[in-house]
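Biologist: I have a chain open on my screen and would like to go through it piece by piece. Can you start with the overall picture?

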Amino acid sequence: MTIPETIAYNGPLYHVLTHASKAALARLTVTRCKLLPDKGNPSQKYSQPRTWIVQSPHSGDNTQLRAIAAALGWPAQSKELVYRAREGLLRLLSRPSLAGVDLAASSPIAPPWPDLVICSGRGAEAVAFWLKQQNPQLRIVFVGTPWSDLSRFDLVVTTPQYRLPMAANVLHNTLPVHDVTAERVAAEARRFAPTFAQLPSPFTAVLVGGSSGPYHFTPDAARRLGREASALAEADGGALLVTTSARTSRPAADALQSAITAPSFFYHWRKAAPDNPFHAFLGLASRIIVTADSISMLSEAVSTGKPVLLFDIDEAPYGIRADLDAPSIGWKGRSLDATLFRLLINHAPPRFSRDLRVVHRQLVASGRAQWLGEPSGVTATAPAEDGLARTVARIRGLFGL
């Protein structure tokens, strides 16, 4: 096997390759080459496709995009786009266009054009289709559930809550991909350990999301989370490591913090903050509480192999667990928009909504998570699916690699 030293010891591709068996590794050769024209094939074979990450407005989506690009290890640029108000209307047309983008406020969209676009968020679809017009050989990989017809994408990487059909260009992963690796978690745990040295152990991490579709994370629900998490930590004589996220409203964060009675460290999320202790929490905690609205944080928590407890952000009759075993969710929500989301889940095509309950059922049934406050159930025995490795393999296959 030939692997350049920079990749073998430092490169992101190494973390994917280390999951393979020694026999499989022996058959692999990693090279750093430019575009290689294949004279016997009208299409072209690539070894280092130029990659653009077209970011989503959602932090969880962007974590997935960056993780995929890093694992591929190809030259990549990240494009942060600012959308105009008309973008929602243009989305309905599903046509190649930059008309929905505020080009002056966005990252440059200019040649050299990419060979691969990895994108998420429905505003990115028109941009990706426009880029395809500039480079007909462009491969488009969409993460999540697109608005446009699936056949327009070279690959759609999706998870169960989106309920997409089986298709040759659709990769169904059990959970979203992420950037959590054992090496990163261990390094961050060492870096932040002195910060929490005065807190009693064991630690319980609390990963907090926010309102999502039909479910509202109100200050009352946040206070309930604070009380239940505190009771759990106090019973062990330990402490809480709490972090909010991009979707946590300030009233909910303040209510949560005021309700915590156990010893704790509370981190208010800030965009691109260098001192974010999220990965350290994963490494230092003996168990992890995650609000059930965030499938991305659930995926990250489950990847640690530690006990994961789901917190229902809403309450009956509006809660997630209230409809967990029903084929459809109750039609009435706390608000008009929540009611609309419920109607879409029950009656509209899957691309208009997502049903988080599908993921919760699978996690609980497989023993990878349980609901906070409920007795322990099945414990997972099989290793978690490596969705990142599966995704990378499929994308490399698009280029004949």
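Modeller: Of the 401 residues in the chain, 48% are buried, where buried means under 20% relative accessible area, exposed means over 50%, and partly exposed lies in between (1.4 Å probe, protein chains only). This is a predicted model, in which local features need pLDDT of at least 70, side-chain atom pairs count only at pLDDT 80 or more, and totals for chains, interfaces and linings use all residues. Residues are numbered from 1 along each chain as its sequence is written, and side-chain values use heavy atoms, with hydrogens and water left out.

Biologist: What does the chain average in pLDDT?

Modeller: The average is 85, and 86% of the residues score at least 70. pLDDT is the predictor's confidence in each residue, from 0 to 100.

Biologist: Where does pLDDT stay under 50?

Modeller: Over residues 1-43, for which the model has 51 contacts beyond four places in sequence. A contact means heavy atoms within 4.5 Å. Where pLDDT is low, the predicted coordinates should not be read in detail.

Biologist: Fine. How many helices and strands are there?

Modeller: The chain has 14 helices and 12 strands. Both are DSSP runs numbered from the N terminus: helices are H or I with at least four residues, strands are E with at least two.

Biologist: Which strands pair with strand 3?

Modeller: Strand 1 is joined to strand 3 by 4 bridges, running parallel. Strand 4 (residues 139-143) also pairs with strand 3 in the parallel sense, over 4 bridges. Two strands count as paired if DSSP finds at least two bridges between them. V117 in strand 3 stands opposite W52, and the bridge partner of V117 in strand 4 is I140.

Biologist: Which way do the residues of strand 3 point?

Modeller: L116 and I118 point one way and V117 and C119 the other, and all are buried. In a regular strand the side chains alternate between the two faces of the sheet.

Biologist: Where is S56 found?

Modeller: S56 sits in the loop between strand 1 (51-54) and helix 4. It counts as buried, at 7% relative accessibility. The C-alpha atoms of S56 and C119 are separated by 7.2 Å, although the two are 63 residues apart along the chain. Not counting residues up to four places away in sequence, S56 touches D61, N62, L65, S120 and G121.

Biologist: And T63, buried or exposed?

Modeller: T63 is buried, with a relative accessible area of 13%. It lies in helix 4 (residues 59-72). Leaving aside neighbours within four places in sequence, T63 is in contact with H178, D179 and E300.

Biologist: New topic. Which residues of helix 12 are buried?

Modeller: A338, T339, R342 and I345. Seen down the axis of helix 12, these buried residues fall within an arc of 120°, so they line one face of the helix. The arc is that of the directions from the helix axis to the C-beta atoms. L336 and H347, on the other side of helix 12, are exposed.

Biologist: Last one. What is the order of the open sheet of 6 strands?

Modeller: The order is 9-8-7-10-11-12, with parallel pairing. Strand 9 (264-267) and strand 12 (370-371) stand at the edges with a single partner strand each, so one side of each has no neighbour in the sheet. Strand 11 (residues 308-311) and strand 12 run parallel, joined by 2 bridges. W371 in strand 12 is the bridge partner of L310.
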